[in-house]
Amino acid sequence: MAGKISISITDEHAALLQEAVGSGAYASSSEVVREALREWRARRVVGELWDAGLASGRAEPGLTMADIKREARSRRSAS
């Protein structure tokens, strides 16, 4: 379901939207905004995962990346 929303943007952002559509890379300004929102959400998710990783503390000495991945897969399949 698509909803309509009205927003105000700067002239600079409006020019960027028009440039993106004018280049043929996007069919409409709505498509540009949707992609920007998807990328914004992805950056937030990556940031949250990064923060969670930092908060989890240091890995045990001697653990390899393969060990860490194996543990993560084990935890994922257990849930």
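This is a predicted model: local features need pLDDT of at least 70, side-chain atom pairs count only at pLDDT 80 or more; totals for chains, interfaces and linings use all residues.
A residue is termed buried when its relative accessible area is under 20%. The fold comprises 3 helices and 0 strands, and its radius of gyration is 20 Å, whereas a compact globule of 79 residues would have a value near 12 Å.

**Overall architecture**

- Along the sequence, the secondary structure elements follow the pattern α-α-α.
- Taken along the principal axes, the box filled by the C-alpha atoms of the protein is roughly 55 × 30 × 25 Å.

**Surface and charge**

- The number of salt bridges in the model is 2.
- One of them joins Asp 67 to Arg 70, with 2.7 Å between the closest N and O atoms.
- Asp 67 and Arg 70 are separated by about one helical turn, because they are 3 residues apart in helix 3, which spans residues 65–78.
- Asp 67 has a relative accessibility of 25% and therefore counts as partly exposed.
- A salt bridge also links the side chains of Glu 71 and Arg 75, at an N to O distance of 2.8 Å.
- Glu 71 and Arg 75 likewise belong to helix 3, where a spacing of 4 residues places them about one turn of the helix apart.
- The relative accessibility of Glu 71 is 39%, so this residue counts as partly exposed.
- Arg 75, by contrast, counts as exposed because its relative accessibility is 59%, the cut-off for that class being over 50%.

**Nonpolar surface patch**

- Ile 5, Ile 7 and Ile 9 make up a nonpolar patch on the surface.
- Together, Ile 5, Ile 7 and Ile 9 contribute about 330 Å² of accessible area.
- Ile 9 is located in the segment that precedes helix 1, the latter covering residues 11–22.
- With a relative accessibility of 40%, Ile 9 counts as partly exposed, since that class lies between the buried limit of under 20% and the exposed limit of over 50%.

Conventions
Residues are numbered from 1 along each chain as its sequence is written. Side-chain values use heavy atoms; hydrogens and water are left out. Helices (H or I, at least four residues) and strands (E, at least two) are DSSP runs, numbered from the N terminus. The radius of gyration is taken over C-alpha atoms; the globule rule is 2.2 Å times the number of residues to the power 0.38. A salt bridge is a side-chain nitrogen of Lys or Arg within 4 Å of a carboxyl oxygen of Asp or Glu. Buried means under 20% relative accessible area, exposed over 50%, partly exposed in between (1.4 Å probe, protein chains only). Patches are made of residues with over 30% relative accessible area and no salt bridge: like charges are joined within 9 Å, nonpolar side chains (Val, Leu, Ile, Met, Phe, Trp, Tyr) within 5 Å. Accessible areas come from the Shrake-Rupley method with a 1.4 Å probe; for residues, only the protein chains shown count as cover.
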